[in-house]
Protein chains: 2
Amino acid sequence: MRVLAIDPGYDRFGVAVLEHGAERETLLHSGCVLTDKQANLPDRLQVVGEAVEELIATHQPDTLAIETLFFNKNQKTALGVAQVRGICIYLAKHAGCQVVELSPQEIKIAVTGYGKSDKRAVIDMVCRLLPDAPTDALDDEYDAIAVGITTLAHHR
Amino acid sequence: MRVLAIDPGYDRFGVAVLEHGAERETLLHSGCVLTDKQANLPDRLQVVGEAVEELIATHQPDTLAIETLFFNKNQKTALGVAQVRGICIYLAKHAGCQVVELSPQEIKIAVTGYGKSDKRAVIDMVCRLLPDAPTDALDDEYDAIAVGITTLAHHR
């Protein structure tokens, strides 16, 4: 299983590509796509979508993993994130990937063993589980890696 | 100007392609894509996205027109529609189209002259303005045609 894991957003967009290694999970790529805050939403959606297309072409994942969509307090943000999410799911399905959706709680349990962990605890465990994880990345990148770790753990 | 006009949804997805003719607007295509109610959302997003890709390839529009996103009472529906909307906007931008967003009120004013028209009044005017419009289509298809008429009217 090779998974493209995503923390969707139109401002910062976390991505990670992981697969099962011989002994542990291997991180093939991770990063955070930043879009221009001055640009309009269609332009930002284009940047994000083209980044996803490039990741799929480069890494040929068989699975897209993404958090379930939930309503946060900012409805405008939620609708923007939903649009990004639709693009990711469409491009992955169109490329033949299966789509795995995970709840925030599932991710926390898989990574830290505790469903109410805070952000810091998740990041610490990501760095322990994957020694080649970056040490000073943005939260969105760690979130994407955590989504990938969870997907591989469920698949074992 | 050739416009791909869309009434986005994951259940019924209205589409229309219009352009300026010699005397009036010409309707090149309209339809309503229905997805399987039993299928999961990623599968339904795939059906809708592939329909949009095919429409763009066939009709080579230079503009995508779509209603602005607003929150209706059903949040789950709103998030589903937002995902469809993201796919449409991305595919259009990626194909080099400009994206035009219109409010429901702008559409009603352009089509009927009155910003609080009901659905029936919009459909009646669509059929009067475009004699080649279908006479017994689903509301979503008429809504898409109305979006296209508005876009061409604004462009004149």
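In chain B, Gln60(B) is found in the loop between α1 (41-59) and β4 (63-67), where helices (H or I, at least four residues) and strands (E, at least two) are DSSP runs numbered from the N terminus. Although Gln60(B) is not a glycine, its phi is positive, at about 45°. Gln60(B) is partly exposed, with 13 other C-beta atoms within 10 Å; a residue is called buried if 20 or more other C-beta atoms lie within 10 Å of its own, exposed if 12 or fewer, and partly exposed in between, with C-beta atoms placed from the backbone.

The structure is a predicted model, in which local features need pLDDT of at least 70 and side-chain atom pairs count only at pLDDT 80 or more, while totals for chains, interfaces and linings use all residues. Residues are numbered from 1 along each chain as its sequence is written, and chains are lettered from A and ligands numbered from 1 in the order in which they are written. The model scores ipTM 0.94 and pTM 0.95. Chain A averages a pLDDT of 94, and 99% of the residues score at least 70, pLDDT being the predictor's confidence in each residue, from 0 to 100.

**The loop residue in each chain**

In chain A, Gln60(A) lies in the loop between α1 (41-59) and β4 (63-67).

| Residue | Phi | Other C-beta atoms within 10 Å |
|---|---|---|
| Gln60(A) | near 45° | 13, partly exposed |
| Gln60(B) | about 45° | 13, partly exposed |

**Relation and contact of the chains**

Two copies of a chain are related by a rotation about an axis and a shift along it. Here, a rotation of 180° with 0.0 Å of shift along its axis superposes chain B on chain A, with an RMSD of 0.0 Å, and the two copies are thus related as by a two-fold rotation axis. The superposition is by least squares on the C-alpha atoms of residues with pLDDT of at least 70 in both copies.

The contact takes 21 residues from chain B and 21 residues from chain A, two residues being in contact if their C-beta atoms, placed from the backbone, lie within 7 Å. On the side of chain B that touches chain A, the elements that give two or more residues are α1 and α2 (75-94) of chain B, and α2(B) gives the most, with 13 residues. By class, this side of chain B has 12 nonpolar, 6 polar and 3 charged residues, where Ala, Val, Leu, Ile, Met, Phe, Trp, Tyr, Cys and Pro count as nonpolar, Asp, Glu, Lys and Arg as charged, and the others, Gly among them, as polar. Because 100% of the interface residues of chain B are also interface residues in chain A, the copies meet through the same surface.

**Fold of chain A**

The secondary structure of chain A comes to 5 helices and 5 strands, and from the N terminus on its elements run β-β-β-α-β-α-β-α-α-α. A compact globule of 156 residues would have a radius of gyration near 15 Å, and chain A agrees, with 15 Å; the radius is taken over C-alpha atoms, and the globule rule is 2.2 Å times the number of residues to the power 0.38. Taken along the principal axes, the C-alpha atoms of chain A fill a box of roughly 45 × 35 × 25 Å. Buried residues make up 48% of the 156 residues in chain A. Among contacts in chain A between residues at least 6 apart in sequence, 68% join residues at least 24 apart.

Strand β1 (residues 2-7) of chain A is mostly covered, with 5 of its 6 residues buried. β1(A) runs antiparallel to strand β2 (residues 12-20) of chain A, to which 6 bridges join it, and a hairpin links β1(A) to β2(A) through 4 residues. β1(A) also pairs with β4(A), in the parallel sense, over 4 bridges; strands pair if DSSP finds at least two bridges between them. Val3(A) has Leu18(A) as its bridge partner in β2(A) and Thr63(A) as its bridge partner in β4(A).

In helix α3 (residues 104-112) of chain A, the buried residues are Ile107(A), Lys108(A), Ala110(A), Val111(A) and Thr112(A). These buried residues of α3(A) pack against β5 (98-102), α4 (119-129) and α5 (139-155) of chain A. α3(A) is followed by Gly113(A), whose phi is positive, near 85°.

Asp36(A) lies in the loop between β3 (25-34) and α1 of chain A and is exposed, with 10 other C-beta atoms within 10 Å. The C-alpha atoms of Asp36(A) and Arg12(A), 24 residues apart along the chain, are separated by 9.7 Å.
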